[in-house]
Amino acid sequence: MQYENLLVENRDGIVVLTINRPKALNALNRGTLADLRQFFGKDALTIEGLKGVIITGAGDKSFVAGADISEFNGLDAQAGLDMSQNGHDIFFLIEKFTKPVIAAVNGFALGGGCELAMSCHLRIAVEKARFGQPEVNLGIIPGYGGTQRLIQYIGKTKALELLMTGDMIGVEEAYRLGLLNHVVPAGEEVNKAMEILTKIAAKAPIAIQKVIECVNTYFSAEGFRREVIEFANTVKTEDFKEGAAAFLEKRAPKFQGK
Ligand code: CO8
């Protein structure tokens, strides 16, 4: 198992995956997504006695601050479609994984980071964690399932507000809205996830797998496909070029609706 940006530690059958790009706040670049695909699509299936997986971020500031904006340069609609579909495929591998997967959110979970946490079965966050879907600040929409999964967790009313304002929320609100299972002091997030996975590991494995499958079946796939298509449509706009450039140049964007 060789990974570019993923640390993999097997603790007695519970695997802790740490996304390891702390200087970029663990933003999901192509390499990191490839690592996640390799782990959930291939390597994890060969781990003897696997009880569950915990995903966390390196450092004490960020879980994942989104897709890597520095890779947005020159993105055209076809590349946007392909990247969005690639992310969807990987996040479905996580959501449909037959063992429970818990996000241990140790800081910012924004854009693709919030989407990654939402593709996990459960979410535990530290008190200073922040959640949001800030894509509209960049002239795009969420492209890794955010328009679909956020509604599933918090409902249409608040999901639309967060998706349209791009606002970040703290753990108190995220917990109240139903996005989080538990809030813990910093440093306790992986321990809490271990405790829950240990409890689940004592149950019947086939029953756990079937719970995951049945809950997933409730939600339709059509909305996810629509997100991929509309993500690619926003990638075509002048506003997207301006939004991504403004972030990298550390200035406010000037959107023109084109
Ligand atoms: N991508 C690349 N680099 C990033 C990202 C990111 N998403 N977030 C932070 N960084 C980098 C910064 O550029 C900075 O690098 P450097 O030190 O070289 O200047 C470093 O991480 C530290 O960041 P800041 O200095 O900005 O730290 P602050 O504490 O001032 O701010 C924030 C922290 C609030 C998290 C801020 O960094 C921020 O707003 N980040 C961007 C958040 C964002 O917009 N996320 C959404 C990205 S879009 C997305 O996720 C779409 C998903 C679907 C994509 C579909 C296919 C492409």
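Visitor: What makes Val211, Val215, Tyr218 and Phe219 a nonpolar patch on the surface?

Guide: Patches are built from residues with over 30% relative accessible area and no salt bridge, where nonpolar side chains (Val, Leu, Ile, Met, Phe, Trp, Tyr) are joined within 5 Å and like charges within 9 Å. Val211, Val215, Tyr218 and Phe219 form such a patch, with about 430 Å² of accessible area together, the areas coming from the Shrake-Rupley method with a 1.4 Å probe and, for residues, only the protein chains shown as cover. The model is a predicted one, in which local features need pLDDT of at least 70 and side-chain atom pairs count only at pLDDT 80 or more, while totals for chains, interfaces and linings use all residues. Residues are numbered from 1 along each chain as its sequence is written, and side-chain values use heavy atoms, with hydrogens and water left out.

Visitor: Why is Val215 called partly exposed, and where is Val215 found?

Guide: Buried means under 20% relative accessible area, exposed means over 50%, and partly exposed is in between, with a 1.4 Å probe and protein chains only. Val215 has 49% relative accessibility, and therefore counts as partly exposed. Val215 is found in helix H8, residues 205-217, where a helix is a DSSP run of H or I with at least four residues, a strand is a run of E with at least two, and both are numbered from the N terminus.

Visitor: How do you know whether Val228 is buried or exposed?

Guide: At 0% relative accessibility, Val228 is buried, because its value is set against the limit for that class.

Visitor: Why is the contact between Asp68 and Arg21 called a salt bridge?

Guide: A salt bridge needs a side-chain nitrogen of Lys or Arg within 4 Å of a carboxyl oxygen of Asp or Glu. Asp68 and Arg21 have an N to O distance of 2.8 Å, and therefore meet in a salt bridge. The pair links distant parts of the chain, 47 residues apart, with Asp68 in the loop between strand E4 (62-64) and helix H2 (77-95), and Arg21 in the loop between strand E2 (14-19) and helix H1 (30-41). Both Asp68 and Arg21 are buried.

Visitor: Which parts of the chain does the pair of Glu95 and Arg149 tie together?

Guide: The closest N and O atoms of Glu95 and Arg149 are 2.8 Å apart, and the two form a salt bridge. Glu95 lies in helix H2 and Arg149 in helix H4 (residues 146-154), so the pair ties together parts that are 54 residues apart in sequence. Glu95 is buried with a relative accessible area of 10%, and Arg149 is buried at 2% relative accessibility.

Visitor: How many salt bridges does the structure hold?

Guide: The structure holds 14 salt bridges, and Lys158, Glu161, Glu173 and Arg176 are linked in a network of them.

Visitor: What makes a space a pocket, and how much space lies in the second largest pocket?

Guide: On a 1 Å grid over the protein atoms alone, a pocket is an open set of points with protein on both sides within 12 Å along at least five of seven lines, a cavity is a set where a 1.4 Å probe fits but cannot get out, and lining residues have an atom within 4 Å of a point. The second largest pocket holds about 440 Å³ of space. Its lining has 21 residues, of which Glu95, His121, Ile212, Val215 and Asn216 lie nearest its centre, and helix H8 gives the largest share, 5 residues.

Visitor: Which residues line the largest cavity?

Guide: The search of the whole structure finds 1 cavity of 30 Å³ or more, with a volume of about 40 Å³. Cys114, Phe131, Gly132, Gln133, Leu150, Leu162, Ile169 and Leu179 line the largest cavity.

Notes
Points joined across faces, edges and corners; volume = space filled by probe spheres on them.
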